[in-house]
Amino acid sequence: MLRSHLWDVLSATLYPESLLRDYCQDISRNVYGNPHSRNPSSRLTHDTLERVRYRILQHFNTTPEEYSVIFTSGSTAALKVVAESFPWRAPSDREAGSYFSYLTDNHTSVVGIRGKTFSQGVVTLPVSPQALEDRAKDKAQGDDDICQTPHLFCYPAQSNFSGWKYPLNYVTGIQGRCLYPACDHPGRWFVLLDAASHISCSPLDLHNCPADFVPISFYKLFGFPTGLGALLVHNNAASMLKKAYFGGGTAAAYLSGEDYYIHATNISDRFEDGTVAFLDIIAINHAFDALYRITGGMHCIQQHTFGLARYTYMLLSSLCHGNKRPVAQMYTQGQFESPSTQGAILNFNLVDSHGQIIGYSKVERMASLYNIHLRTGCFCNTGACQYFLGITDQQMKRNAGHVCGDSIDLVNGQPTGSVRVSFGYMSTFEDCQKFLNFVLECFVEKPVTLNHVKLEKLRTATAACYTSLKGHAQGSAYTLTNIYIYPIKSCAAFEVYNWPVGPHGLLYDRCWMVVNRNGVCLSQKREPSLCLVQPQVHLSSNKLLLQAPGMDTISVPLKNTSDMRSRYKGCQSKVCGDRVEAVDCGDEAASWFSDFLGQPCRLISQNPNFSRDTKKKSIEGATTPSLSLVNEAQYLMINSASVQLIQEQENSMGDQQLDTKNITSRFRTNFIIAGVEAFEEDNWSHLVIGNTRFVVTGHCGRCHMVGVDQETGAKTKEPLLSLSTYRTGKVNSQHQQFQALLMREKMNYPPCYYVFLGDFRRVPDASVIRRDHSSPVCRLHCSARAKRLLK
């Protein structure tokens, strides 16, 4: 990844090289046609775009049943769609008319909606952040059935000026008319949540925060592609939007000779005039791959970037000149107490030893010499700029002609703007140090001093915040940390960061197995060296690569074509007593495994036309389970806290010690979760990973195969001995219950959908799965790196 020492990531994040490489490879190997046609290349484009739409919704923890994705050229264009299609009503004798209301801490592109509403006689109502809650009512106002006048309230999930995160439960507070101004004005209130700044480093859960309209820009999240954004529209609000102009692809029917027009039924088709930027949209698919592969998900990004921002804030705000005067004037609404209230943004002006503001243009020019890239000015947020810098309306009018970020940084000694630093997942601790050293060298009068009293207060506030949030999150803040598939039964794991879900579980999980000359399945119980075989699934090339120590790499196709089925004979075998129909994978694979294992054997794959049902009785809510070559269930899940407890038991017994990773690998799980009490999963019945809902059908009985070291193939008595002792108090001959067995719940899923690292949660009441409109629980998973930065 190419980068400077520091970047204003909020302006445009950096894109990884792997994203560009994978994208270029995709568009050079595939022909993508105009999606408005029906030829094969056009159908490929259409299907890929639909896949990207679903993936966007999945990233924000929602579904096509709740939201629609309208592609635009960016967040500003998305806002313009709302401005031009919202059903504004002018005041009349019968009603007061619509209100367009917004927080004063909003981006120019939001405030600019009033340019459209003013000409229609709509009342504009700016609201300060303080008034929003100060003038709130204790309960919702209940006259919506009488008055249905539509109003729109806009606010940012995160201020692009200060990084302050406004509560996401403002959405339901406005919709329910508990908060000002909705509580004072009857009608139906819609909420536009400007998420452009927020999504760059923070997760957004639209399932718990059901805003009606959510504009986003993808370059703020991925860096590439630019010039592409989207408007996420809640389907309950979609029917309210009224569109006048119709372009190519948006009309179901029209006549050129008379005023006859029927709009497209699908909300996305209706508002995407002409041909969308389909090649750019295809890049989003690879951008998601890169993001999750590199970072592990938005929760990880949030913790990492908050740790860096808070470290820099603590030192910069405590830094003093030799005469004890502060070096920086910080513009923030809090003290960086928590990532739930503060984003990874620092806004400030530097101050000289006499207490005079140093112009931001001078700071920016000097930073460029250090290869540090900053953003300066008012950041297209006049309201916040006025509030923090104390600039009056009259002064703003006198400064007309001054452009945000130009060289007019001081007027009569008063700043016209400030300096902004923002962090991204590619930012490092070294970046923070580089920036602080730059400030020390260029703008601090020596000797350098620190305000130790303030620094200690900040540290104390941080420690108290982490303690409080940790207690608050017990039992509710969970994270999916790892996903594994095992393409060949009893062979090594293949770790993935997001993965398609197939009819039998994770796609290609345990779809192959090795059998001896009599067709009997070989497992690590008989052949522990199978764990040394490393299968790799390459979806793009339709290949399963086979690697093992001392062997050449070979491949077999993932999908058996009709020609292959005619050449390779069908066969039968058994898995856990169940008869399975399979297809032989050919002589090359058979010879490869025979040479490696030192005995005649063959590789077979499950016949795609064969359905194997579970022996377990049907669980209410679960799909009719169709299994691959697994033993009992479609998925296995393990709790890292439970593994750590087993490790502690093992250490207390003395003679053999295995690390947590080694122990975890022996249980050959699909999902590893964190943030849970040890063995808490024993009592679960339902859970959700991303948008995929699962039923817990039981727990796996562990046998002596967990004694096989997955890195060497050696057999040990641990961890089975410790597991047996912990579970029963004695070693017995019965299999020990460990790991949750999961089946997918009955839902209307699209033909191809994915699971991703990141958000995971329990469903506390299995009988009721509903949208929760309450304030979302603050989730905090402090990475070790972030904790170190805060010391």
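Helices (H or I, at least four residues) and strands (E, at least two) are DSSP runs, numbered from the N terminus. The model is predicted: local features need pLDDT of at least 70, side-chain atom pairs count only at pLDDT 80 or more, and totals for chains, interfaces and linings use all residues. Residues are numbered from 1 along each chain as its sequence is written, and side-chain values use heavy atoms, with hydrogens and water left out.

**Exercise 1.** Locate Tyr-508 and decide whether Tyr-508 is buried or exposed.

*Solution.* Step 1: Tyr-508 is placed in the loop that runs between strand S21 (505-506) and strand S22 (512-516). Step 2: buried means under 20% relative accessible area, exposed over 50%, and partly exposed in between (1.4 Å probe, protein chains only). Step 3: Tyr-508 has 10% relative accessibility and therefore counts as buried. Step 4: its phi is near 70°, a positive value in a residue other than glycine.

**Exercise 2.** Treat Phe-336 in the manner of the previous exercise.

*Solution.* Step 1: the loop between strand S11 (328-330) and strand S12 (345-350) holds Phe-336. Step 2: because its relative accessibility is 1%, Phe-336 counts as buried. Step 3: the phi of Phe-336, near 55°, is a positive value in a residue other than glycine.

**Exercise 3.** Determine how helix H1 and helix H11 pack.

*Solution.* Step 1: H1 (residues 17-29) and H11 (residues 278-295) pack at an angle of about 140°, and their axes are 9 Å apart. Axes are lines fitted to C-alpha atoms, for helices over the stretch in contact, and angles run from 0 to 180 degrees between N-to-C directions. Step 2: angles under 35 degrees count as roughly parallel, over 145 as roughly antiparallel, 65 to 115 as roughly perpendicular and the rest as oblique. Step 3: the angle of about 140° therefore makes H1 oblique to H11.

**Exercise 4.** Which residues does Ile-199 touch, not counting residues up to four places away in sequence?

*Solution.* Step 1: Ile-199 sits in the loop between strand S5 (188-194) and strand S6 (213-217). Step 2: contact means heavy atoms within 4.5 Å. Step 3: with residues up to four places away in sequence not counted, Ile-199 touches Phe-60, Leu-204, Ile-216, Ser-217, Leu-221 and Met-298. Step 4: Ile-199 is buried, with a relative accessible area of 1%.
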